Amino acid sequence: MDITSLATSVDTGWTLLGAAMVFFMQAGFCMLESGLTRAKNAGNIIMKNLVDFAVGTPFYWFLGFGIMFGSAGLFIGKADLFSIHQTDFTTMIFQTVFCATSATIVSGAVAERTKFSSYCIFSCVISLIIYPISGHWIWGGGWLSVLGFHDFAGSTAVHMVGGVAALMGAIVVGPRIGKYKKDGSSNAILGHNLTSAALGVFILWFCWFGFNGCSTVGLSDGLSDTAARVFYTTNLATCTATLGALITTWIKYKKPDVSMTLNGTLAGLVAITAGCDTVTPVGAAIIGVISGVCIVFAVEIIDKKLKVDDPVGAVAVHGFCGMLGTILTGLFSYYDFGSGERIGLFYGGGAHFFLVQCLGVLTVALWSGCISFIVFKLLKHTIGIRCSAEEELDGLDLHEHGLTSAYADFTLSSSINNFGGHNEKVKDLLMAPENEKVPMDEAVPVQLKETKHIPGEPITAYDSKITKITILAKQNRFDDLKEALDAIDITGMTVTNVLGCGVQKGRTDYYRGVKMETILHPRIQVDIVVCTVPASLVIETARKVLYTGHIGDGKIFVYDVEQVIKVRTGEVGREALLDVDINKKQ
């Protein structure tokens, strides 16, 4: 193999590696969006991130790629149905995954209330014409590229297109039920899994090295130096954006906001994408800080002022920061590393390049916004775009996909109500082994008699006082509590994870910039029924273990129990609480 062929193979391999990494961004978006929304819609989020790629790919192949990279026209490329004249499959797959990224941005902004069928149709449209036409202007030899517009890896071409489309979708579909109060103020609707959201951000951060770095589409002829510079500026801007968002929320909300800081990380990634090849490390750091600080205010303005319900911050992250990063490229580009000419306004390049960047942002935003708005409106007035109130309240997983929950281990399977047919294995698992069963005719019969003791008669199991004690405590105190209760011969208890607050209503807190007036804190609820062990002993033991003297130590509730019945034997009262295995009584 000669040197030229080797270089070509290396360039192809580098680009294909980038395509694989950009494809994996779908997983990052899926984790992020599902984590920042409610559990009852997690399956729907998964399906949308899966299907927008599966649907968008054939439509981009059918028409999109041709009109994006066709040689004819300053405004639109030459149509090439099914890309039959294309032989550069490396470029085709690389651009396909970029197209999918733009499409999947929309799903987060319209999450939790949009019909799955309508979303699929929009994914087709954005892959078919919206993304390819503006992409032709920028990367396909169109009028913006002729003017000198610079968007190296797609702050505008990919992210702003998707972000503006997401804005139009969120406006047309409207806010989620309960998002805004009657006075117009915003309610915080918390995502169900910040761990998932954080993992999604880390996946996206990793994949962005392919998104930006592999956009050199090669490593030969000095492109390896460009790729290295892109890797460095991308990472630096992301770190400073993360710190910018963290410090801003720390000052603004008195504590660093987790989900907003995650948005800050993405803001830096989006903003640096346009000029990652032309800015210096100093310029990259400044772009990161600006985007990290601005994202906090952008999310709040979109939510509180514009009243646009965007559960994951897609509009602010991709739409606003895509625009911001492209404009800042006009200011901080040190020089064109290809021609060696100074082009940034802050480096003596003049205003021309900066104005071209502004013009490109404006026209692409108008194109994406207008067409997306029309498409969403057509969907609204034809097949409908929003699910019913009942479907939204129950969750899209149930009504759109027949999925009770994306977390099956935390729900009761419907099969436990049916022991016939194919459910014998379920029956075997739920029913006790034969040698532990007590035949019904040998069990003590259940007799619900008056439990009040009659003077002069011997005390029976039915006459013993039975007390239920409910303890609400901090989760981190449960092990100590259980150990103390074991020490006083408490052998049975029911433990539940609960949420709640006391009279103080928790503390004032913020979620994504929205003030939460009542906070439900996680607690452990321990239910105990005692008869032989004195209730006062249980109460004092629990108090000693749980007491710290601070608000939130917990509460203890005491109830009289009318009767206790052991299902297996039919025993009642005190005898039903008898632990025959270890000879202890409660």
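Contact here means heavy atoms within 4.5 Å. By that criterion, among contacts in the protein between residues at least 6 apart in sequence, 77% join residues at least 24 apart.

The model is predicted: local features need pLDDT of at least 70, side-chain atom pairs count only at pLDDT 80 or more, and totals for chains, interfaces and linings use all residues. Residues are numbered from 1 along each chain as its sequence is written, and side-chain values use heavy atoms, with hydrogens and water left out.

**Whole chain**

Start with the cartoon. The protein has 17 helices and 6 strands; these are DSSP runs (helices H or I, at least four residues; strands E, at least two), numbered from the N terminus. Colour by burial next: of the 586 residues, 49% are buried. Buried means under 20% relative accessible area, exposed over 50%, and partly exposed in between, with a 1.4 Å probe and protein chains only. Then show the surface.

**The largest nonpolar core**

Select F122 and I295. Of the 105 residues in the largest nonpolar core, these two touch the most other members. A nonpolar core is a set of buried Ala, Val, Leu, Ile, Met, Phe, Trp, Tyr and Cys residues joined through side-chain atoms within 4.5 Å. Helix α6 (residues 155–173) supplies the largest share of this core, 11 residues. Around F122, leaving aside neighbours within four places in sequence, the contacts are V106, I130, A165, S372, V375, F376 and L379. Another core, of 18 residues, lies apart from the largest one and includes I469, A484, V538 and V545.

**Helix α16**

Move to residues 478–487, helix α16, where F478, L481, A484 and L485 are buried. These four are on the same side of α16 because they cover an arc of only 130 degrees around the axis, the arc being that of the directions from the helix axis to the C-beta atoms. The buried residues pack against β1 (467–473), β2 (494–500), β5 (521–530) and α17 (535–546). Turn the view to the face away from the buried side to find the exposed residues D479, E483 and A487. After the helix comes D489, with a positive phi near 75 degrees.

Select W61, L81, F82 and I84, which form a nonpolar patch on the surface with about 420 Å² of accessible area together. Patches are made of residues with over 30% relative accessible area and no salt bridge; like charges are joined within 9 Å and nonpolar side chains (Val, Leu, Ile, Met, Phe, Trp, Tyr) within 5 Å. A salt bridge is a side-chain nitrogen of Lys or Arg within 4 Å of a carboxyl oxygen of Asp or Glu.

F82 counts as partly exposed, at 39% relative accessibility, and its phi is positive, near 60 degrees, in a residue other than glycine.

Go on to K254, in the loop between α8 (223–253) and α9 (258–272). K254 also has a positive phi, about 75 degrees, although it is not a glycine. Its relative accessible area is 65%, so K254 is exposed.

**Back into helix α8**

Finish at T226, in helix α8. T226 counts as buried, at 17% relative accessibility. Not counting residues up to four places away in sequence, T226 touches T216 and D277.

Terms used: Accessible areas come from the Shrake-Rupley method with a 1.4 Å probe; for residues, only the protein chains shown count as cover.
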